[in-house]
Amino acid sequence: MKFYSLNKEAADVSFKKAVINGIAPDRGLYFPRDIKPLSSSFFENIEDQTDHDIAFKAIEQFVSESIPENKLKEILISVLDFPFPVIELEKNVATLELFHGPTLAFKDVGARFMAHCLGYFLENQNSEVTVLVATSGDTGGAVANGFLGVQGVKVVILYPSGKVSDIQERQLTTLGQNITALEVNGNFDDCQNMVKTAFLDSDLKSEIQLTSANSINVARWLPQMFYFLFAYKKLKNKEQPIIFSVPSGNFGNICAGMVAQKLGLPVAHFIAATNVNDTVPLFMRTQEYSPKMSKATISNAMDVGDPSNFIRIRNLYKNNFTELKNHLSSYSFTDEETKHAILSVYNSCNYITDPHGAVGYLGLKEYQKDKSDTFGVFLETAHPVKFLDVVEETLKLKLPIPSQIQNVLEKNKVSIKIDTYDELKSYLLNK
Ligand SMILES: *Cc1c(COP(=O)(O)O)cnc(C)c1O
């Protein structure tokens, strides 16, 4: 399958080229030329298939031109080596836990998939690719972990100084080897803008091959559709229509869920739950898209004022607002409401959510006020321990520290502080 640029001023490319480029030369996001639905028997018999088979069938059409079948299967086996449990908490409410990967973030799947693809594309070649990634929290750790030691790839991570949690910071500053962390004096949007500027910089382009590991990269974005299929496999027997509430920042995860729906997954509705960074909830009310500066919140991996993937969502529905509204609702919540949800879910279900999952829970409950006949799944995108301070303070208890985290807590942070794009550029050119 070919991928085209949503700005429509660049040539169509293969999956391989789209992964290596990250973003198209006209600065547009890549998008698959067409999405062929899977057979109805695929969904009818989904419970008889392994997660690896499901993932293979879902992603095959997008990548088959660039990755042979055997290699793709091998990649999926190494990427998907942890569980994705669905836990029912209340009547008609379940959570899909996506935090059982090596960095306890749902981004582990996309990051590892992309790392394996890029590693494969660069095998036996002398070229080197620099992966440049901006993180508002969890991307950095997942990308650093996924790419650690991959031959031919250097990873440079930009993160906003003082705006990620201690554990998140350690996950991206303690690995060494081919991973470098740049600590930016600014917020996430500043980091993301620096990355976007770097991609357009012809001085850089002539010296190094740059790509992005944010969800703008198709290899990070598309594998996230697996989660929705895996959840459906477990919930297929429910009588009610299934809806997903996705805690959203850059809107890559929810957009991948919508691609799964285009493949034929029977989803009745999507809910994009955000924190006070409410650009999309406002758009869904006013039809006016006004990006804003991002505001810092306790669900910091969603502190995004201008979500990159929303353009892909609009494109999926042919920029038709009515059609989009039939598939998507979006609500925003304050930190106070989020903490209150963490507490009330704990008190009533004895279940600990992280602040992102709690925002997802709130979005689900809001939608179900009018649609109580639906079966709702909210995505729990990070392990609560990654937001230790907030969760412990809200619940007045101590969380046990899993071994994956214990390991990073013992290591020392190494980062390079930068203030401006020019500093990023000279860092990249001096390498
Ligand atoms: C990245 C992230 C999100 C938001 O995902 P998007 O695909 O950017 O919308 C939500 N929760 C956590 C914990 C994350 O790391």
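Q: Why is the charged end of Lys 73 said to sit over the ring of Phe 56?
A: In this predicted model, the charged end of Lys 73 is 4.7 Å from the centre of the Phe 56 ring. The distance cut-off is within 6 Å, and NZ must also lie within 35 degrees of the ring normal. The contact is listed as a charge over a ring, so it passes on both counts.

Q: What makes Lys 73 and Glu 69 a salt bridge?
A: Their closest N and O atoms are 3.2 Å apart. The limit is within 4 Å, so the pair qualifies. Side chains of opposite charge can pair when their charged atoms come close.

Q: Why are Lys 73 and Glu 69 separated by about one helical turn?
A: Both belong to helix 4 (residues 69–79), and they are four residues apart there.

Q: How do you know that Lys 73 and Glu 69 are partly exposed?
A: Lys 73 has 35% relative accessibility. Glu 69 has a relative accessible area of 44%. Buried needs under 20% and exposed needs over 50%, so partly exposed is the class in between. Both residues fall there.

Q: Which ring does the charged end of Arg 33 sit over?
A: The ring of Tyr 4, at 4.2 Å from its centre. For Arg the atom used is CZ, and the distance must be within 6 Å.

Q: Why is the contact of Lys 365 with Glu 90 called a salt bridge?
A: N to O is 2.6 Å. The rule asks for within 4 Å, so the contact counts.

Q: What does the pair of Lys 365 and Glu 90 tie together?
A: Lys 365 lies in helix 17 (residues 355–368), while Glu 90 lies in strand 3 (residues 86–90). The pair therefore ties together parts that are 275 residues apart in sequence.

Q: Are Lys 365 and Glu 90 buried or partly exposed?
A: Lys 365 is at 31% relative accessibility and Glu 90 at 22%.

Q: What makes Lys 369 exposed and Glu 366 partly exposed?
A: Exposed means over 50%. Lys 369 has 62%, so it is exposed. Glu 366 has 30%, so it is partly exposed. The two side chains meet in a salt bridge at 3.1 Å, N to O.

Q: How many salt bridges does a search of the whole structure find?
A: It finds 18. Glu 169, Glu 183 and Lys 413 are linked in a network of salt bridges.

Q: How many aromatic pairs are there, and what makes Phe 82 and Phe 84 tilted?
A: The count comes to 21 aromatic pairs. Phe 82 and Phe 84 are 5.1 Å centre to centre, with 40° between the planes. Stacked needs under 30 degrees and edge-to-face over 60, so 40° is tilted. Phe 82, at 11%, is buried. Phe 84, at 3%, is also buried.

Q: Why is the pair of Phe 106 and Tyr 227 called edge-to-face?
A: Their planes are 75° apart. Phe 106 is in the loop between strand 4 (93–97) and helix 5 (107–122). Tyr 227 is in helix 11 (residues 225–235), 121 residues apart from Phe 106.

Q: How do you know that Phe 106 and Tyr 227 are buried?
A: Phe 106 is at 9% and Tyr 227 at 1%. Both are under 20%, so both are buried.

Q: Which residues form one aromatic cluster?
A: Phe 82, Phe 84, Phe 106, Phe 226, Tyr 227 and Phe 230.

Notes. Residues are numbered from 1 along each chain as its sequence is written. This is a predicted model: local features need pLDDT of at least 70, side-chain atom pairs count only at pLDDT 80 or more; totals for chains, interfaces and linings use all residues. Side-chain values use heavy atoms; hydrogens and water are left out. Helices (H or I, at least four residues) and strands (E, at least two) are DSSP runs, numbered from the N terminus. Buried means under 20% relative accessible area, exposed over 50%, partly exposed in between (1.4 Å probe, protein chains only). Rings of Phe, Tyr and Trp (its six-membered ring) pair if their centres lie within 6.5 Å; planes under 30 degrees apart count as stacked, over 60 as edge-to-face and the rest as tilted.
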